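Reader: Could you walk me through this one? I'd like the cut-offs along the way.

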Amino acid sequence: MVKPNIERNTVEIDLMDNTKMYVVKDGRLIVHDLPDYGETLIVSLGGKVDRLETTVKRKV
């Protein structure tokens, strides 16, 4: 759950939610849902997050 506070320019996030990853880029909060099985790679360019690359796997 994300609760923005525009007046103070802050956001409250749920730290108990292990299925999401939060990235801040240029003052914006980006919520990324993590896969059940797989990996998420954070690619940076110039010291800033450029993109997220997610590889989804299937457990048999």
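Reader: In the hairpin of β3 and β4, which residue takes a positive phi?

Author: Quick caveats: this is a predicted model, where local features need pLDDT of at least 70, side-chain atom pairs count only at pLDDT 80 or more, and totals for chains, interfaces and linings use all residues. Residues are numbered from 1 along each chain as its sequence is written, and side-chain values use heavy atoms, with hydrogens and water left out. Strands are DSSP runs of E, at least two residues, numbered from the N terminus, and two of them pair if DSSP finds at least two bridges between them. β3 and β4 (residues 28-33) pair in the antiparallel sense over six bridges, and with two residues between the strands, the positive phi near 55° belongs to D26.

Reader: Which residue forms a salt bridge with D26?

Author: A salt bridge here is a side-chain nitrogen of Lys or Arg within 4 Å of a carboxyl oxygen of Asp or Glu. For D26, the closest N and O atoms of the pair are 3.2 Å apart, and the partner is K48.

Reader: Is D26 buried or exposed?

Author: Buried means under 20% relative accessible area, exposed over 50%, and partly exposed in between (1.4 Å probe, protein chains only). D26 has 59% relative accessibility, so D26 counts as exposed.

Reader: And what is the bridge partner of V43 in β6?

Author: β5 (residues 38-45) and β6 (residues 48-56) pair in the antiparallel sense over eight bridges. Within β6, V43 has as its bridge partner R51.

Note on methods
Helices (H or I, at least four residues) and strands (E, at least two) are DSSP runs, numbered from the N terminus.
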